[in-house]
Amino acid sequence: MDVGTVRIGVARSDPGGLLASPLDTVRRGAGDVGELARLAGENEAMEIVVGLAIGLAGHEGKSAADGRSFAAALAARLAPVPVRLLDERFTTVLAHAALEQGGHGSRARRQAVDKAAAALLLQGALDAERSTGEPAGQLVAGGATA
């Protein structure tokens, strides 16, 4: 999930965990955690990866704190499904570039960029787990980051 202030991009992987693909965009606000829980259940999610907005210098700011808080709420709602935080630097920039290269105009990019960024984030997590044998990111356990 690519959590923004207005929208949340959602992606999913194939059952074998090889390929991530964009799934949906959920409006941020009342009912967003419930809608994400519904999507997770519908898609039989085994794990949730939430992007953590870390600055270029590696420091966490207001957006990262918001992401941590959101991930904790999601973890509490989805337990026992594990929720992990993963550095999301450049995912939105890369998603914009890929959509532009694919011929999407600015209006079409705006509609698709969040779920495309979520797919890039998830693909990075899948690739990292495949290469290391360990789940990527930081586990959010019991409503608090571990």
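Trainee: Is Glu-47 buried, partly exposed or exposed?

Mentor: In this predicted model, the relative accessibility of Glu-47 is 29%. Buried means under 20% and exposed means over 50%. Because 29% falls in between, Glu-47 counts as partly exposed.

Trainee: With which residue does Glu-47 form a salt bridge?

Mentor: Glu-47 lies in the loop between helix 1 and strand 4, and its partner lies in strand 5, 37 residues apart, so that the pair links distant parts of the chain. The closest N and O atoms of the two are 3.1 Å apart. The partner is Arg-84.

Trainee: Is Arg-84 buried or exposed?

Mentor: The relative accessibility of Arg-84 is 12%. Residues under 20% are buried. Arg-84 therefore counts as buried.

Trainee: Where do Arg-130 and Asp-127 lie?

Mentor: The side chains of Arg-130 and Asp-127 meet in a salt bridge of 2.5 Å, N to O. Arg-130 is partly exposed at 44% relative accessibility, and Asp-127 is partly exposed at 34%. They are 3 residues apart, about one turn of the helix, and both lie in helix 4.

Trainee: Which element gives the most residues to the largest nonpolar core?

Mentor: This core has 24 residues, and Ile-8, Leu-36, Ile-48, Val-50 and Leu-74 touch the most other members. Two or more residues come from each of strand 2, helix 1, strand 4, helix 2 and strand 5. The most, 7 residues, come from helix 2.

Trainee: How many residues does the second, separate core have?

Mentor: Among the members of this second core are Ala-11, Ala-118, Leu-122 and Ala-136. Their core is separate, and its size is 11 residues.

Trainee: Which element gives the largest share of the lining of the largest pocket?

Mentor: The largest pocket has a volume of about 650 Å³. Its lining has 28 residues, with Ser-13, Ala-45, Met-46, Glu-47 and Leu-122 nearest the centre. Strand 2, helix 1, strand 4 and helix 4 each give two or more residues to this lining. The largest share, 7 residues, comes from helix 4.

Trainee: How many residues of this lining are nonpolar?

Mentor: The lining of the largest pocket includes 6 charged residues and 4 polar ones. The nonpolar residues of the lining number 18.

Key. Residues numbered from 1 in each chain as written. Predicted model: local features only at pLDDT ≥ 70, side-chain atom pairs only at ≥ 80, totals over all residues. Heavy atoms only, no water. 1 Å grid on protein atoms, 1.4 Å probe; cavity = no way out; pocket = protein on both sides within 12 Å on 5 of 7 lines; lining within 4 Å. Points joined across faces, edges and corners; volume = space filled by probe spheres on them. Helix = DSSP H or I, 4+ residues; strand = E, 2+ residues; numbered from the N terminus. Nonpolar A, V, L, I, M, F, W, Y, C, P; charged D, E, K, R; others polar. Core = buried A, V, L, I, M, F, W, Y, C linked by side-chain atoms within 4.5 Å. Buried < 20%, exposed > 50% of the residue type's maximum accessible area, 1.4 Å probe, protein only. Salt bridge = Lys/Arg side-chain N within 4 Å of Asp/Glu carboxyl O.
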